[in-house]
Amino acid sequence: MIYSLKGEVTAIFEQEIALDVHDVGYLLTVSRPEDFRYGDQVLVYCHEIYTENDHYLVGFKDKANREAFLSLIGVKGIGPKTAIMALRETTPELLFKAIASNNTAYLKKLPGIGAKAASQIILDLKGHLASSDKKGNPRQFEEVRLALLELGFKGKEIDNALARVDGLNLNNQEILRQALKYLHKGE
């Protein structure tokens, strides 16, 4: 297995980069090609994907992104392509905060992640995160969402507001207050 490659970026594509390592060109699927610049010497952390129909390398600019990817593909129902798409729209820090605070609304905004997958991610990963806070109500975002529905807000605007709330170490009232602030601003 290849853990990392160090070389020169020789091409940048929509979802991939080419890396020249001692005159051998590697094509790496990456979540954010814009993180790399043509001609730069870089160290890229890697993970090999073997499936029945595919064999490719996924590259990451740092260990945190690699760990986030490995965590996501370890979740039942989340494949490598979904994990790459999700990491294109978030950072490992925001992803793990959302998991630790049970923020399914944030996870559902990621491409390829629906309600069922968001719940599965929290179920599978929350107990394994070092930053996971065991305090609080594990259903707090669902309870706040129900309260906002009763106040007459629509589901999509509630999900958008809750996705912006950092619920780590917040109680239901504080989450509700922050969500209302975003809802009233129309953000």
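Asp40 is partly exposed, with a relative accessible area of 26%. Its salt-bridge partner is Arg37, and the closest N and O atoms lie 3.7 Å apart. Arg37 is exposed, at 57% relative accessible area. This is a predicted model, and the pair is one part of a set of four salt bridges in the structure.

**Salt bridges**

| Pair | N to O distance |
|---|---|
| Arg37 and Asp40 | 3.7 Å |
| Asp35 and Lys61 | 3.7 Å |
| Asp54 and Lys81 | 3.3 Å |

Asp54 pairs with Lys81 through their side chains. Asp54 sits in the loop between β4 and β5, while Lys81 belongs to helix α2, so the bridge ties together parts 27 residues apart in sequence. Asp54 counts as partly exposed at 32% relative accessibility. Lys81 counts as exposed at 51%.

Asp35 and Lys61 also meet side chain to side chain. This bridge links distant parts of the chain: Asp35 is in the loop between β3 and β4, and Lys61 is in the loop between β5 and α1, 26 residues away. Asp35 is partly exposed, at 33% relative accessible area. Lys61 is partly exposed too, at 40%.

**A buried arginine**

Arg32 lies in the loop between β3 (24-30) and β4 (41-50). Which side chain of opposite charge is nearest to Arg32, and how far away is it? It is Asp35, at 4.3 Å. A salt bridge needs a nitrogen-to-oxygen distance within 4 Å. Arg32 is buried and has no salt bridge. Its side chain does reach a backbone oxygen, that of Leu87, at 3.0 Å. Leaving out residues up to four places away in sequence, Arg32 touches Asn65, Leu87, Arg88, Glu89, Thr90 and Thr91.

**Nonpolar cores**

In soluble globular proteins, nonpolar side chains tend to be buried together. Here the largest nonpolar core has 28 residues. Phe69, Leu72, Ile78, Leu95, Leu107, Ile113 and Ile121 touch the most other members. Two or more residues come from each of β4, β5 (55-60), α1 (63-73), α2 (80-88), α3 (92-100), α4 (104-108) and α5 (115-125). Helix α5 gives the most, with five residues.

Neighbours within four places in sequence aside, Leu72 is in contact with Ile78, Ala83, Ala86, Leu87, Leu95, Ile121 and Leu125.

Another core lies apart from the largest one.

**Helix α6**

Phe141 is found in helix α6, which spans residues 140-150. Is Phe141 buried or exposed? Phe141 is buried, with a relative accessible area of 3%. The C-alpha atoms of Phe141 and Ser119 are separated by 12 Å, and the two residues are 22 apart along the chain.

**Confidence**

The protein chain averages a pLDDT of 87. At least 70 is reached by 91% of the residues. Over residues 130-136, however, the pLDDT is below 50. Beyond near neighbours in sequence, this stretch has eight contacts in the model.

Terms used:
Residues are numbered from 1 along each chain as its sequence is written. This is a predicted model: local features need pLDDT of at least 70, side-chain atom pairs count only at pLDDT 80 or more; totals for chains, interfaces and linings use all residues. Side-chain values use heavy atoms; hydrogens and water are left out. pLDDT is the predictor's confidence in each residue, from 0 to 100. Contact means heavy atoms within 4.5 Å. Helices (H or I, at least four residues) and strands (E, at least two) are DSSP runs, numbered from the N terminus. Buried means under 20% relative accessible area, exposed over 50%, partly exposed in between (1.4 Å probe, protein chains only). Lys and Arg count as positive and Asp and Glu as negative; His and the chain ends are not counted. A polar contact is a pair of N or O atoms within 3.5 Å; within protein, one must be able to donate a hydrogen and the other to accept it, and residues adjacent in sequence count only if both atoms are side-chain atoms. A nonpolar core is a set of buried Ala, Val, Leu, Ile, Met, Phe, Trp, Tyr and Cys residues joined through side-chain atoms within 4.5 Å.
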